[in-house]
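Here are my notes on the model you sent. Please read them with the structure open beside you.

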Amino acid sequence: MTYSAIHSLLSGKRPVWLYRIEFGGTWKFYAASATAYEQTDHDIFDFPDLFDTEDLFVLKWAASPIRHTRIERTTELEKSNVRLVLPRTDPLVQVIRDDLGWTDTEVRILHTYRNDGDAERQIKFIGRVVGVVSGIVAATLDCEHSLTTTRRKALSAVVQRPCRHALYHGGCGLSLAAFQVAGTATALTGAVVTVTEAATQADGYYSGGIMSFGGRLQLITKHAGSALTLLSDLDGLADEISTSGTAAVLIAPGCDQTMTTCAGRFGNLDNFGGFPWIDENPFDGRRIG
């Protein structure tokens, strides 16, 4: 008998609610019932890491006192939220609560009947956990409908002529180690370090670059000849120069965020994050045309 046929019966139904909760690539399966629900038509390729489990071809939805609030069919997303109530001691509740929202979650609520020979299950809700409220005995998972993900704020690309990427980080894509050059620091006056090898490049070549000493990094704000001005002190550098007379450092070139430097100095034009051809700002209040 099909799901729809059993659903239309006035009596004799054996309904059961099923809950599939994903947290960081791990799935938990619950059945709102005093006994577990066994899904014998389970496709073993739907989920990873099942090859070490018992009853490989049977998916067991564990019996649980889990329950949920009413699922509304509405076009208003604010009214489509659902709350799940589980025992406070449930391990899944604890890891979601302690995660503070860093890990993606997915909640699926399904409905079926134990006496459905076709074992059909209907999905009633798909969403994500956005909050956890712990009580003395139970904990509540606040779940938003999956459609609300379209409203989440995301980082946007700033439309500007210079590159928007930080050198050697993120979208820049360059490896700091690939551009570091070994150098010898011979003097330190305030924030200005004298590095012999810096004089082999034109002034400004290392401006905005990085100096490394003992695994610690510092920004180079100015380069003139062999003099490199640091943003702040590098721990231990002054003591090393004072004790040994010199210090071994690594220096990496800087970038002025222009397309010319990106292409000529680094060969990294594919990752250039600027918009050098923009002309006027359409948001400056002036009339166009």
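**Notes on the fold, cores and salt bridges**

1. **Surface.** The accessible surface of the protein is about 17,400 Å², and carbon and sulfur atoms hold 53% of it. Such areas come from the Shrake-Rupley method with a 1.4 Å probe; for residues, only the protein chains shown count as cover.

2. **Ground rules.** This is a predicted model, where local features need pLDDT of at least 70 and side-chain atom pairs count only at pLDDT 80 or more, while totals for chains, interfaces and linings use all residues. Residues are numbered from 1 along each chain as its sequence is written, and side-chain values use heavy atoms, with hydrogens and water left out.

3. **Inventory.** The protein has 5 helices and 15 strands. Both are DSSP runs numbered from the N terminus: helices are H or I with at least four residues, strands are E with at least two. Of the 289 residues, 32% are buried. Buried means under 20% relative accessible area, exposed means over 50%, and partly exposed lies in between (1.4 Å probe, protein chains only).

4. **Contacts along the chain.** Take the contacts with a separation of 6 or more: 57% of them join residues 24 or more positions apart. A contact means heavy atoms within 4.5 Å.

5. Which strands make the closed barrel? The order is 10-11-14-13-12-15, a barrel of 6 strands with antiparallel pairing. Neighbouring strands of this sheet are turned by 45° against each other on average, direction ignored. Helix 4 (residues 237-244) packs on the sheet and touches strands 10, 11, 12 and 15. The direction of helix 4 makes about 85° with that of strand 10. For these angles, axes are lines fitted to C-alpha atoms, for helices over the stretch in contact, and angles run from 0 to 180 degrees between N-to-C directions.

6. Strand 12 (residues 210-213) runs antiparallel to strand 13 (residues 216-224), and 4 bridges join them. Two strands count as paired if DSSP finds at least two bridges between them. S212 stands opposite L217. The hairpin leaves 2 residues between the strands, and G214 in the turn has a positive phi of about 60°. Strand 13 also pairs with strand 14 (residues 227-230), again antiparallel, over 4 bridges. Here I220 stands opposite L230. This hairpin has 2 residues between its strands as well, and G225 takes a positive phi near 65°. As background, strands of a sheet pair through backbone hydrogen bonds, either parallel or antiparallel.

7. **The largest core.** Which residues touch the most other members of the largest nonpolar core? They are L84 and I109, in a core of 19 residues. At least two residues each come from strands 1, 6, 7, 8 and 9 and from helix 2. A nonpolar core is a set of buried Ala, Val, Leu, Ile, Met, Phe, Trp, Tyr and Cys residues joined through side-chain atoms within 4.5 Å. Leaving out residues up to four places away in sequence, L84 touches Y19, I21, V107 and I109, among others.

8. In soluble globular proteins, nonpolar side chains tend to be buried together.

9. **A loop residue.** Is L167 buried or exposed? L167 counts as buried because its relative accessibility is 15%. L167 is found in the loop between strand 9 and helix 3. L167 and P253 are 86 residues apart in sequence, yet 9.7 Å apart in space, C-alpha to C-alpha. Among the residues that L167 touches are C172, G208, P253 and F266.

10. **Salt bridges.** The whole structure holds 6 salt bridges. Each is a side-chain nitrogen of Lys or Arg within 4 Å of a carboxyl oxygen of Asp or Glu. E38 pairs with K60, with the closest N and O atoms 3.9 Å apart. This pair links strand 3 to strand 4, across 22 residues. E38 is partly exposed at 45%, and K60 is partly exposed at 43%.

11. **A buried pair.** R128 forms a salt bridge with E144, the closest N and O atoms being 3.0 Å apart. R128 sits in strand 8 and E144 in strand 9, 16 residues apart. R128 is buried at 15%, and E144 is buried at 19%. Elsewhere, R20, E106 and R108 are linked in a network of salt bridges.
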